[in-house]
Amino acid sequence: MAESIKILTDKIGIEGIENFDVYRKNGGYKAVEKAIKKMSPDEVLDEVKKSGVRGRGGAGFPMGMKWGFLAKPEGVPRYLVCNADESEPGTFKDHYLMKSNPHLLIEGMIISSFTLGANTSFIYVRGELMYVIYILEKAIAEAKKAGFLGKNILGSGYDLQLVVQPGGGAYICGEETALLESLEGKRGNPRNKPPFPAVKGLYQCPTVVNNVESISTTPWIVLNGGESYSKIGLGRSTGTKLISASGHINNPGVYEIELGLPVEEFIYSDDYLGGIRPGHELKAVVAGGSSVPILPAALILKTADGNSRLMSYESLSEGGFQSGTMLGSGGFIAMDETTCIVRNTWNFARFYHHESCGQCSPCREGTGWMDKVLYRIEHGLGNERDIDLLVDVAKRIEGNTICPLGDAAAWPVASAIRHFRDEFEWHIKYPNEAIKYQAVYKGDMIKV
Amino acid sequence: MTTDTIVFSKELLEKVKEIIGRYPEGRQKSALLPVLHLAQQEYGWVSPEIMDYIASLLDIQPIEVYEVATFYTMFHLEPVGKNVIEYCRTGPCCTMGGEEVYRHLLDKLEIKTGQTTPDGNFTVKEVECLAACGWGPCFQIREKFYTHLTNEKVDEIINDLSK
Ligand SMILES: Cc1cc2nc3c(=O)[nH]c(=O)nc-3n(C[C@H](O)[C@H](O)[C@H](O)COP(=O)(O)O)c2cc1C
């Protein structure tokens with residue numbers, strides 16, 4: 001196998017890397033020195049733009065472009081907020097990255113804050129990860145002691161204070177405007193856009209929100225140049241991506257892959273997931289976190305046109321929602337033939353119902369309906385009209401809410417029905433079979 | 001309990017002051033979530049009296065604390081057991097057998113979701129995804145993660161914490 005490139009995880013595994021001294025000895029904070037001593041903020045911004053790196057939190061928006069939109073009115077502070085809320089089912093890469101190599105994120109935060117001209121920056125970590133918050137706070141204290149944070153960093157006159165903020169257990173606070181509300185000490189209700197955070201964000205000041213993984217690419221980009229980064233990956237999917245892999249695979253965990261890797265290789269190669277657990281076969285994959293459309297095995301391995309499916313933004317979305325999906329946050333959940341798609345869909349629907357902030361009626365009511373109707377089908381109480389009802393409710397949520405949580409709730413349901421409709425019908429036709437413990441539709445509607 | 005009976009220790013008040021100092025002047029409301037966590041670490045849960053007290057510390061209205069504490073699921077608004085088991089009930093953990101292990105946990109403790117054992121040692125709550133999907137099934141007890149759960153592992157953990 002060709003040695004695959006590691007940009008984010010190269011130092012993970014080095015004994016004691018969570019300590020400043022060890023991280024520094026292994027080349028850590030060199031990028032901060034280079035950026036602050038030898039480059040201007042605009043020069044760093046230029047490299048980030050050239051790299052083509054896209055936001056890793058789910059939406060895939062080019063990071064350099066987002067930074068370019070930041071308003072810079074005189075005398076108004078600007079903020080950088082790192083989104084470490086990571087609550088999308090199937091996604092645990094930020095958790096892994098922060099606990100395994102905390103200084104990488106701190107280094108990225110310093111470089112990014114310097115570039116944006118922020119003097120106070122926040123890392124908003126989901127509250128359940130309190131132990132990770134302690135790890136980050138220790139790393140910040142060490143970096144400050146060494147002169148990389150605080151007043152007059154490396155004698156440059158640039159000041160930066162880094163604050164780690166805990167969340168309180170709410171998926172919605174991963175949505176960037178809900179996150180800002182939460183950071184202001186309020187309920188996590190998303191804001192209407194515009195104004196966008198780049199103009200009016202935290203405390204009504206210009207703000208950039210980026211994911212942990214996005215920010216963590218900046219040290220490498222500063223050291224090696226944006227152009228080198230843009231040569232990694234495939235087309236507009238530049239660089240590497242952390243994939244959180246879970247489900248019925250031999251080697252669950254977090255993988256750093258070069259974008260463009262064939263899905264088939266990712267699943268079956270021993271360098272990655274090592275295939276499906278012994279004696280079983282792949283049935284379906286949720287490729288980018290619970291919010292993206294589920295695909296049956298055939299469509300995740302090959303597009304509808306018969307091309308090999310690749311781990312890239314473009315290839316995964318080939319075929320639109322009819323036969324494609326999205327890279328999303330890279331939460332890759334593999335399911336074998338023992339998985340009941342109806343139960344799994346109900347489980348996700350319950351999640352979105354629980355996590356809807358309740359602000360917009362289509363989402364508040366619609367997620368509740370989908371949860372209840374799916375519960376009823378899964379528990380042998382469904383009726384013939386339920387499948388169309390679900391499709392109808394999903395359609396009425398989509399696009400009709402302030403934030404995309406509504407879409408995220410609708411897509412898994414709509415796609416499960418699109419690709420596994422017979423499984424839903426089986427549950428409704430044979431309720432007594434369907435409710436049996438761990439019953440799974442085996443593809444034969446008559447003999448059960 | 002009345003408001004007067006809740007008074008943070010000197011150390012805790014120092015900590016609150018330090019937290020408020022993290023935010024720009026006049027933005028002390030941003031300290032609300034960290035201070036709620038602090039209170040819960042100290043008292044185990046967040047009572048109305050504690051919320052009123054926090055409101056006075058941050059110079060905000062009590063309602064501003066209530067509306068936040070009730071929004072975020074991590075805050076326990078009723079007394080809980082010494083060990084609060086927060087069990088992940090979301091997709092990937094269930095795929096790995098999380099539902100069976102959960103049933104075993106409830107059987108072992110002889111309680112239902114949301115209840116506390118009669119000796120006050122354990123409370124069980126269901127939570128959504130804990131960002132540990134590749135290491136599931138999992139639960140959290142206060143700040144500690146327990147991963148790769150099996151029935152046997154659950155027995156061990158419960159037995160250990162029952163000593
Ligand atoms: C319901 C919902 C939850 C989200 N959760 C997260 C999250 O946990 N982490 C994250 O980085 N982005 C999350 N996002 C995306 C953010 O709104 C935002 O796009 C992202 O933080 C921007 O950073 P990036 O450009 O670096 O990806 C979520 C979006 C929605 C609608």
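**Exercise 1.** In this predicted model, find which backbone oxygen the side chain of B:Tyr23 reaches, and at what separation. Then describe the setting of B:Tyr23: where is this residue placed, is B:Tyr23 buried or exposed, and which residues does B:Tyr23 touch?

*Solution.* 
- Step 1: Start from the side chain. That of B:Tyr23 reaches the backbone oxygen of B:Ser30 at 3.5 Å.
- Step 2: Locate the residue. B:Tyr23 sits in the chain B loop between helix H1 (10–20) and helix H2 (32–43).
- Step 3: Check the accessibility. Buried means under 20% relative accessible area, so B:Tyr23, at 6%, counts as buried.
- Step 4: List the neighbours. Leaving aside residues up to four places away in sequence, B:Tyr23 touches B:Ser30, B:Ala31 and B:Pro34 in chain B, along with A:Phe122, A:Gln165 and A:Tyr203 in chain A.

**Exercise 2.** Now turn to the cavities. How many of 30 Å³ or more does the structure hold, and which residues lie closest to the centre of the largest cavity?

*Solution.* 
- Step 1: Count them. There are three cavities of 30 Å³ or more.
- Step 2: Take the largest cavity, with a volume of about 90 Å³. Its lining has 13 residues, and A:Cys357, A:Cys360, A:Cys363, A:Cys403 and A:Leu405 are the closest to its centre.
- Step 3: Sort that lining by class: eight residues are nonpolar, four polar and one charged.

**Exercise 3.** Which helix gives the most to the lining of the second largest cavity?

*Solution.* 
- Step 1: Find the cavity, which holds about 50 Å³ of space. Its lining includes A:Val286, A:Asn344, A:Phe348 and A:Pro412.
- Step 2: Look for helices of chain A that each supply at least two lining residues: H16 (341–355) and H19 (405–429).
- Step 3: H16(A) gives the most, with three residues.
- Step 4: Finish with the classes: seven nonpolar, three polar and no charged residues.

Methods. Residues numbered from 1 in each chain as written. Chains lettered and ligands numbered in written order. Predicted model: local features only at pLDDT ≥ 70, side-chain atom pairs only at ≥ 80, totals over all residues. Heavy atoms only, no water. Helix = DSSP H or I, 4+ residues; strand = E, 2+ residues; numbered from the N terminus. Buried < 20%, exposed > 50% of the residue type's maximum accessible area, 1.4 Å probe, protein only. Contact = heavy atoms within 4.5 Å. Polar contact = N/O pair within 3.5 Å; in protein donor to acceptor, adjacent residues only side chain to side chain. 1 Å grid on protein atoms, 1.4 Å probe; cavity = no way out; pocket = protein on both sides within 12 Å on 5 of 7 lines; lining within 4 Å. Points joined across faces, edges and corners; volume = space filled by probe spheres on them. Nonpolar A, V, L, I, M, F, W, Y, C, P; charged D, E, K, R; others polar.
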